[in-house]
Amino acid sequence: MWYQKPVINEELLQSLPNLKIVASSGVGIDHLDLNLLSSYGVKVSNTPFVVSTDTADLGMALMLASSRRLVEGYQMAVSPDTDYFPADWLGAEVSGATLGIVGMGTIGYKVAERAKAFEMKILYHNRNRRNREEESAVGAIYCKKIDDLLQQSDFVLLSVNLTPQTHKLIGKRELELMKPTATLINISRGLVVDQDALVEALRNKVIKAAALDVTYPEPLPRDHPLLKLKNVIITPHIGSATKKTRCLMMENMTESIQAGLTGLPIPNEV
């Protein structure tokens, strides 16, 4: 499966009686009905580790681009209507700011490693707390309650899997807990955020800005209000989109398929 295609449903499974494994690219498996696949005796693999470095890089890129208003700045610099650069056109500091990471898995931890180099104060919320050594290595502070993280963070970065528990994890209540100067960054799945609530929060200055690599649907309808807001940066779900990583993803999938067909242990089996 590449880009969640083909769609794995019961009709397809019935048409493929000898199917042994579905190898899916990327980390997320929210597009797969694992119970249905299991009922047909089909195993599942993904490629969770090879995407983590590039996705963490993109998370930092979105944070920097949003805080320093790079998209707006580029538009100003190249516009035929620009006669001068205003002295009061300012961005926000990243170095020394507080970053709250929701979801401290492999990707979230790599973001923390990068944020440490920017001398950021790092908070994180996770189902399970990291061990003391891992926390100490990046200077991360655990927030048992997500509310505490939201209230303190200048940047809130979402790096969670999409599950029933994380579906619209960030809604109206959570956005109102954030600082009015805060930025929301989403590199996980679009459905982790209530987009209607996000639009209202951005319009009403409940939060300052958002930087999104994921939305729902993808791409957004061309008349969607998020596309009209100046305090939003949207990229086309490119967290793992580098040549090296995409090649490694394909290699991982091939290895899993070969193992599944020969009865060997499957790398990255879900």
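Tyr124 counts as buried because its relative accessibility is 0%, where buried means under 20% relative accessible area with a 1.4 Å probe and protein chains only. The model is predicted, so that local features need pLDDT of at least 70 and side-chain atom pairs count only at pLDDT 80 or more, whereas totals for chains, interfaces and linings use all residues. Residues are numbered from 1 along each chain as its sequence is written, and side-chain values use heavy atoms, with hydrogens and water left out.

The structure holds 1 aromatic pair, namely Tyr124 with Tyr142, which is tilted; rings of Phe, Tyr and Trp (its six-membered ring) pair if their centres lie within 6.5 Å, and planes under 30 degrees apart count as stacked, over 60 as edge-to-face and the rest as tilted. This pair links distant parts of the chain, 18 residues apart, and the strands named below are DSSP runs of at least two residues (E), while helices are runs of at least four (H or I), both numbered from the N terminus.

| Residue | Strand |
|---|---|
| Tyr124 | E4 (residues 121–125) |
| Tyr142 | E5 (residues 140–142) |

The centres of the two rings lie 5.2 Å apart, with 50° between the planes.

An unreviewed UniProt entry annotates residues 60–239 as "domain: D-isomer specific 2-hydroxyacid dehydrogenase NAD-binding", and such annotations may be inferred rather than shown by experiment.

Notes:
Buried < 20%, exposed > 50% of the residue type's maximum accessible area, 1.4 Å probe, protein only.
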